[in-house]
Amino acid sequence: MIKELGKNLGFIAYKLGAEIAPATNTSYDASSAGSFALLLAALAQEADRAVETRMSDIEAIRALLPDDSALPLRPASWHLDDVNALHADALEQLIDVHRWAEENDAALDRAIWQFLNEHASRHALELG
């Protein structure tokens, strides 16, 4: 098991961007190494927060769906693929509800837009 996966990926990203990229012989290689460093930094953030952000979204979406929603209470397992599947299902159901709310329920429409704003903030990458 790799402990502190996000921290270790972040360290690799730092080394790649701060030490390896500047030591390359061509600007193309330096640019490639810098791009890989940014990608690794993004992966590090996702490794640390992927399940938490998706489950936060799912709980927020659940509050916006009708009580008779078929959204399961929890994913099939805590593997990221299963969490992603439940997250995708929740978002699909939210799209249907939002389509209805746009024409029939202004308060629900505003609540969904508020969720979408919070969702974007929750998933934003902070790359330095």
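Helices (H or I, at least four residues) and strands (E, at least two) are DSSP runs, numbered from the N terminus. His123 is found in one such run, helix H4. The structure is a predicted model, in which local features need pLDDT of at least 70 and side-chain atom pairs count only at pLDDT 80 or more, while totals for chains, interfaces and linings use all residues. Residues are numbered from 1 along each chain as its sequence is written, and side-chain values use heavy atoms, with hydrogens and water left out.

The protein contains 4 helices and 0 strands. Along the sequence the pattern reads α-α-α-α. The radius of gyration of the protein is 19 Å, well over the 14 Å that the globule rule gives for 128 residues, so the protein is more spread out than a compact globule. Here the radius of gyration is taken over C-alpha atoms, and the globule rule is 2.2 Å times the number of residues to the power 0.38. The C-alpha trace spans about 60 × 35 × 15 Å along its principal axes.

The protein exposes about 8,500 Å². Carbon and sulfur atoms supply 57% of that area. Accessible areas come from the Shrake-Rupley method with a 1.4 Å probe, and for residues only the protein chains shown count as cover. Of the 128 residues, 29% count as buried. Buried means under 20% relative accessible area, exposed means over 50%, and partly exposed lies in between (1.4 Å probe, protein chains only).

A contact means heavy atoms within 4.5 Å. Among contacts between residues at least 6 apart in sequence, 60% join residues at least 24 apart.

The protein has 10 positive and 21 negative charges, and their mean positions are 7 Å apart. Lys and Arg count as positive and Asp and Glu as negative, whereas His and the chain ends are not counted. The place of a charge is taken as NZ of Lys, CZ of Arg, CG of Asp or CD of Glu.

Side chains of opposite charge can pair when their charged atoms come close. A salt bridge is a side-chain nitrogen of Lys or Arg within 4 Å of a carboxyl oxygen of Asp or Glu. By this rule the count comes to 7 salt bridges. One of them joins Lys7 to Glu4, at 3.8 Å from N to O. Lys7 counts as exposed at 57% relative accessibility. Glu4 is exposed too, with a relative accessible area of 52%.

Another salt bridge joins Glu19 and Lys15, at 2.8 Å from N to O. Both residues belong to helix H1 (residues 5-20). Because they are 4 residues apart in this helix, Glu19 and Lys15 are separated by about one helical turn. Glu19 is partly exposed, at 41% relative accessible area. Lys15 is also partly exposed, at 29%.

Arg54 forms a salt bridge with Glu46, and their closest N and O atoms are 3.1 Å apart. Arg54 is buried, with a relative accessible area of 13%. Salt bridges that share partners join Glu46, Arg49 and Arg54 into one network.

His123 and Asp57 are 66 residues apart in sequence, yet their C-alpha atoms are 9.8 Å apart in space.

Asp109 is found in helix H4 (residues 106-123). Asp109 is buried yet has no salt bridge. The nearest side chain of opposite charge, Arg110, is 6.7 Å away. Leaving aside neighbours within four places in sequence, Asp109 is in contact with His98, Ala101 and Glu102.

Ala111 is found in helix H4 as well. Ala111 is partly exposed, with a relative accessible area of 30%. The C-alpha atoms of Ala111 and Ala47 are separated by 29 Å, and the two residues are 64 residues apart along the chain.

Asp48 lies in helix H2 (residues 27-64). Asp48 is exposed, with a relative accessible area of 56%. Not counting residues up to four places away in sequence, Asp48 touches Gly6 and Lys7. Asp48 and Leu64 are 16 residues apart in sequence and 27 Å apart in space, C-alpha to C-alpha.
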